Amino acid sequence: MKKSFADRNFGFYILLAAAFIALAGAILYLALDGGDRTFTILGFLLALAGAVSTILAVLTRLKFAPLVPTALYAAASALVLRLALPSLSDLWNKVNFIGGNAVLGMTFAGVFLLCAVLGTVSCFTGTEKR
């Protein structure tokens, strides 16, 4: 049975939007890296893997398919947040001990968290029409 985009639910399009946001965020994350201590290649790879794993939901009818990119987005958000917190503590305490760009770190953590929330909504709404 051939599957078309007409058979898809609103959750599928939310998941696609999260994938495009995560892909753009991952590309910007890598482009703005600059050797800063608040950035790591693992954060980029987790966000990129989440965006790429959306293909699983596009090509299959597996019920758990939206969960895979959602988990990867959540892991990317947590990793980026963990790396940005020491730089954020420098801002809070008005010292320059750790260094790093806390604002960009928190921005990317928020972008990947947004993707995780969109993926969670997609998990609960489903990707297939009934």
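This is a predicted model: local features need pLDDT of at least 70, side-chain atom pairs count only at pLDDT 80 or more; totals for chains, interfaces and linings use all residues.
How far is the sulfur of C115 from the closest cysteine sulfur?

## Cysteines

The closest cysteine sulfur to that of C115 belongs to C123, and the distance is 13 Å, which is too far for a bond. A disulfide is a covalent bond between the sulfur atoms of two cysteines. In this report a pair of sulfur atoms counts as a disulfide within 2.5 Å. A search of the whole structure gives zero disulfides.

Are C115 and C123 buried, exposed or partly exposed? C115 is buried, because its relative accessible area is 0%. C123 has a relative accessibility of 32%, so C123 counts as partly exposed.

## Overall layout

The protein chain has five helices and zero strands. In sequence order the pattern is α-α-α-α-α. Along the principal axes, the C-alpha atoms of the chain fill a box of roughly 60 × 25 × 15 Å.

The protein chain has 130 residues, and 39% of these count as buried. What share of the contacts with a separation of 6 or more joins residues 24 or more positions apart? The share is 72% in this protein chain.

In soluble globular proteins, nonpolar side chains tend to be buried together. In this model the largest nonpolar core has 13 residues, and the members that touch the most others are Y29, A47, A76, V80, F108 and F112. Two or more residues of this core come from each of α1 (10-31), α2 (41-52), α4 (67-93) and α5 (102-125). Which of these elements gives the most to the core? The answer is α4, with four residues.

F112 can be followed through its contacts. Leaving aside residues up to four places away in sequence, F112 touches A22, G25, A26, Y29, G43, A47, Y73, A76, S77 and V80. There is also a second, separate core of seven residues, and among them are A18, A51, Y73 and A116.

## Where α1 meets α4

The axes of α1 and α4 come within 11 Å of each other and cross at roughly 35°. The crossing of these two helices is left-handed.

On the α1 side, the contact is made by L15, A18, A19, A22 and Y29. On the α4 side, P69, Y73 and V80 take part. How many residues of each class does the contact of α1 with α4 have? There are eight nonpolar residues, no polar ones and no charged ones.

## Two residues in helices

S87 is in helix α4. With a relative accessible area of 3%, S87 is buried, because buried means under 20%. Not counting residues up to four places away in sequence, S87 touches T38, I98, G99, G100, N101 and A102.

V117 is in helix α5. The relative accessible area of V117 is 46%, so this residue is partly exposed. V117 and A18 are 99 residues apart along the chain, and their C-alpha atoms are separated by 8.7 Å.

R61 sits in the loop between α3 (54-59) and α4. Its relative accessibility is 41%, so R61 counts as partly exposed. Along the chain R61 and A24 are 37 residues apart, and the separation of their C-alpha atoms is 26 Å.

D7 lies in the segment before α1. D7 counts as partly exposed because its relative accessibility is 27%. How far apart are D7 and I98 in space? From C-alpha to C-alpha the distance is 51 Å, and in sequence the two are 91 residues apart.

Note on methods. Residues are numbered from 1 along each chain as its sequence is written. Side-chain values use heavy atoms; hydrogens and water are left out. Buried means under 20% relative accessible area, exposed over 50%, partly exposed in between (1.4 Å probe, protein chains only). A nonpolar core is a set of buried Ala, Val, Leu, Ile, Met, Phe, Trp, Tyr and Cys residues joined through side-chain atoms within 4.5 Å. Contact means heavy atoms within 4.5 Å. Axes are lines fitted to C-alpha atoms, for helices over the stretch in contact, and angles run from 0 to 180 degrees between N-to-C directions. A crossing is left-handed if the near helix is turned anticlockwise from the far one by less than a right angle, and right-handed if clockwise. Ala, Val, Leu, Ile, Met, Phe, Trp, Tyr, Cys and Pro count as nonpolar, Asp, Glu, Lys and Arg as charged, and the others, Gly among them, as polar.
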